[in-house]
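Hi everyone, thanks for making time today. Please have a look at the sequence and structure first.

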Amino acid sequence: MASLKELGLSEYEARAYRSLLDAGPTTAKELSDESGVPMGRIYDVLKSIEGNDLVRTQAASRPKRYVAVDPSTALDRLLATRKRELDERAEQYETAAEELIGELSRTGPTDGTLRSVAVGPTESAELLLERISASESPIRVALSGETSGLLGSEDVRMRVLEALVGAVERGIDLELLVAPALASRLPPDNDEPYGSLLSRDRVSVRIDGGVAGRFVLFEGSVTVGIQHPLSERELLGVLDLTDQAFVADVETEFKRRWRNASSTSR
């Protein structure tokens with residue numbers, strides 16, 4: 001059963017308000033007797049619920065009497081107060097999260113070269129999904145012809161593609177630099193989620209015959225796919241590299257290849 005305490009009242013405040021509803025205009029002494037709230041606490045309790053606009057006072061009477069506000073009005077006021085407090089708390093959480101993002105993003109390994117390593121398709125996908133979800137700048141992907149997706153299994157491939165669609169929908173540009181063999185095998189535009197991704201204005205695809213590996217270039221890091229030694233179509237894992245000189249070299253080379261690559265009709 002719902003309780004007034006769920007809307008922010010204490011046990012004594014809830015008892016006092018309910019007793020006022022039953023008793024009508026009541027003195028503090030009478031309310032203490034009716035509600036079971038100790039006389040030593042009753043004035044503080046009345047002051048609190050009056051501050052929440054749940055009671056009115058009849059100051060002209062001697063001694064002063066208290067009257068409960070109509071339940072519908074009282075509950076609306078309690079609900080509005082709780083909503084306002086939740087909004088304020090949400091703003092505090094958001095501010096704290098924004099401050100922590102900047103602080104934690106600056107932390108990392110002491111050598112500053114490697115953020116994380118993931119082994120296996122599931123762990124690799126989770127790492128890549130985290131990076132895609134956190135990206136606030138253009139995402140650049142290079143794919144050789146050895147795979148029709150970013151990772152080995154179809155399930156993992158779909159999850160990554162859906163994450164890329166989500167990134168594009170929130171305004172992130174996506175550049176796909178693919179080998180000719182892969183470009184010829186790209187699914188048709190109506191093949192979801194490929195079609196949903198490739199048809200977006202913020203998505204560009206270009207063909208480069210020199211693409212030999214698989215990596216995703218984010219701002220400040222390069223996530224590199226490591227091929228499984230026993231399978232040409234399966235990844236062993238991924239490395240998320242943060243060495244800024246290396247990242248800058250990869251970005252420079254990607255941009256050079258992008259300028260010289262041929263565009264597709266997609």
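Let's begin with Asp173, which has a relative accessibility of 31% and so counts as partly exposed. Keep in mind as we go that this is a predicted model.

Which residue does Asp173 pair with? Its partner is Arg202, and the two form a salt bridge in which the closest N and O atoms are 2.7 Å apart. Arg202 sits in the loop between α8 (194–198) and β7 (203–207), while Asp173 sits in the loop between α6 and β6 (174–178), so this pair ties together parts that are 29 residues apart in sequence.

Arg159 and Glu126 form a salt bridge, with 2.6 Å between the closest N and O atoms. Here Arg159 belongs to helix α6 (residues 154–169) and Glu126 to helix α5 (residues 121–134), so the contact ties together parts that are 33 residues apart in sequence. How accessible is Arg159? Its relative accessible area is 29%, which makes Arg159 partly exposed. Glu126 is partly exposed as well, at 33%.

Arg82 and Glu85 both lie in helix α4 (residues 71–105), three residues apart, which is about one turn of the helix. Their side chains meet in a salt bridge, at 2.9 Å from N to O. Is Arg82 buried or exposed? Arg82 is buried, because its relative accessible area of 17% falls under the 20% cut-off. Glu85, on the other hand, is partly exposed at 37%.

Arg18 lies in helix α1 (residues 11–23) and is partly exposed, with a relative accessibility of 47%. The C-alpha atoms of Arg18 and Ala68 are 8.3 Å apart, although 50 residues separate the two along the chain.

Last, a word on the nonpolar side. Val117, Val119, Ile226 and Leu236 make a nonpolar surface patch of about 310 Å². One of them, Ile226, lies in strand β9 (residues 221–227) and is partly exposed, at 32% relative accessibility.

That's my tour, and I'm happy to take questions.

Technical notes: Residues are numbered from 1 along each chain as its sequence is written. This is a predicted model: local features need pLDDT of at least 70, side-chain atom pairs count only at pLDDT 80 or more; totals for chains, interfaces and linings use all residues. Side-chain values use heavy atoms; hydrogens and water are left out. Helices (H or I, at least four residues) and strands (E, at least two) are DSSP runs, numbered from the N terminus. Buried means under 20% relative accessible area, exposed over 50%, partly exposed in between (1.4 Å probe, protein chains only). Patches are made of residues with over 30% relative accessible area and no salt bridge: like charges are joined within 9 Å, nonpolar side chains (Val, Leu, Ile, Met, Phe, Trp, Tyr) within 5 Å. Accessible areas come from the Shrake-Rupley method with a 1.4 Å probe; for residues, only the protein chains shown count as cover. A salt bridge is a side-chain nitrogen of Lys or Arg within 4 Å of a carboxyl oxygen of Asp or Glu.
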